[in-house]
Amino acid sequence: MGKKTIYILGFFIILATILGYNYYQKIFGSAITETTILYVTTSDSLVDVQNKITPFSNKPNTFLWVAAKKNVSKPKAGRYVLKKGMSNNDLINMLRSGWQTPLKLSFNNQDTLEKFAGRIAQQLAVDSISLMTAFTDQEFLSKNKLTEKSVLQIFIPNTYELYWTVSAEKFRAKMLSEYHRFWNADRLQKAKNLNMTKDEVITLASIVHKETTKKTERPIVAGLYLNRLKKGIPLQADPTVIYCVKQVKGQDYEVKRVLLVDLEINSPYNTYKKRGLPPTLIAMPDISAIDAVLNPAKHNYYYMCADADNIGYHKFAKTLTQHNKNATQYQHWLNKNSIKR
């Protein structure tokens, strides 16, 4: 074999090696330069995905080429965790198979079903209208002995693991399952010991939750309301009156002070006019409020009033005489600070 032939052969071997290496790098070489989250919607095309990965990829221009080589024309929607060093091949495989990474979804107490749906829609791909439709589906409500007002109780404020693309119906099913899990044998027995149903516990917990933000106070408040229920005394809970006011004025209406005229609102939720618990919960209580009802403090308090000397807390009383003194002191504080509504 002549030198010229050897040179030519060597040239093609080197060229083939370079081309093979470049081909390999396009497909299998490191492309993602930093760990990040990629959100792909149902309307996104591969071009859209290419645009989204461009800021953290050193091979964005070969992404579509690799997709074509692998016969992938449409990415699956999802929330994907892209790790530093991933190749275009890894990325295409992930998008073709829909290998999502679940997220941690959290929510705190919400006053209304509409606000709750909006809160969830901020964290998932599903929109609030679809969520509301699922939450208020009559077949679902009837099957689970719920109403459009009471369905809020199945959503226990916590952190849950879900896929970003979960449907409204699957989200609803997940929450219902977690609700049943929450009501374990221990909590059910405690409710039975109080001669209360789950619905009643949550209804009272929603009042306790609205009455005080102080977790240390909640068992005391729960015990007070339970004392009144046992004696057949109206709860006279201001949060239920505020609930009634907002039903008339709108959820964004601010009530800083309950007025005498408010106490006359004719509603089954007005515990100044109606004995016992209201028909349903008045807001979404958190776990501490529910457990406060299930584990109430034992005492002889029947009255409570906001503490003007320690804002955020309450003064508790065993007698109406003492309560009236506390109430007068608080009314003076409200007037002094020009709090009229």
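User: Is lysine 315 buried, partly exposed or exposed?

Analyst: This is a predicted model, in which local features need pLDDT of at least 70, side-chain atom pairs count only at pLDDT 80 or more, and totals for chains, interfaces and linings use all residues. Residues are numbered from 1 along each chain as its sequence is written, and side-chain values use heavy atoms, with hydrogens and water left out. Buried means under 20% relative accessible area, exposed over 50% and partly exposed in between (1.4 Å probe, protein chains only). Lysine 315 has a relative accessibility of 22%, so the residue counts as partly exposed.

User: Which residue forms a salt bridge with lysine 315?

Analyst: A salt bridge places a side-chain nitrogen of Lys or Arg within 4 Å of a carboxyl oxygen of Asp or Glu. For lysine 315, the closest N and O atoms of the pair are 3.5 Å apart. The partner is exposed, at 58% relative accessible area; it is aspartate 309.

User: How many residues apart in sequence are the parts that lysine 104 and glutamate 161 tie together?

Analyst: The two residues form a salt bridge, with the closest N and O atoms 3.2 Å apart. Helices (H or I, at least four residues) and strands (E, at least two) are DSSP runs, numbered from the N terminus. Because lysine 104 lies in strand β3 (residues 103-106) and glutamate 161 in strand β4 (residues 159-162), the parts tied together are separated in sequence by 57 residues.

User: Are aspartate 286 and arginine 218 buried or exposed?

Analyst: Aspartate 286 and arginine 218 form a salt bridge, their closest N and O atoms being 3.0 Å apart. Aspartate 286 lies in the loop between α12 (238-249) and α13 (287-294), and arginine 218 in helix α11 (residues 218-231). Both residues are buried.
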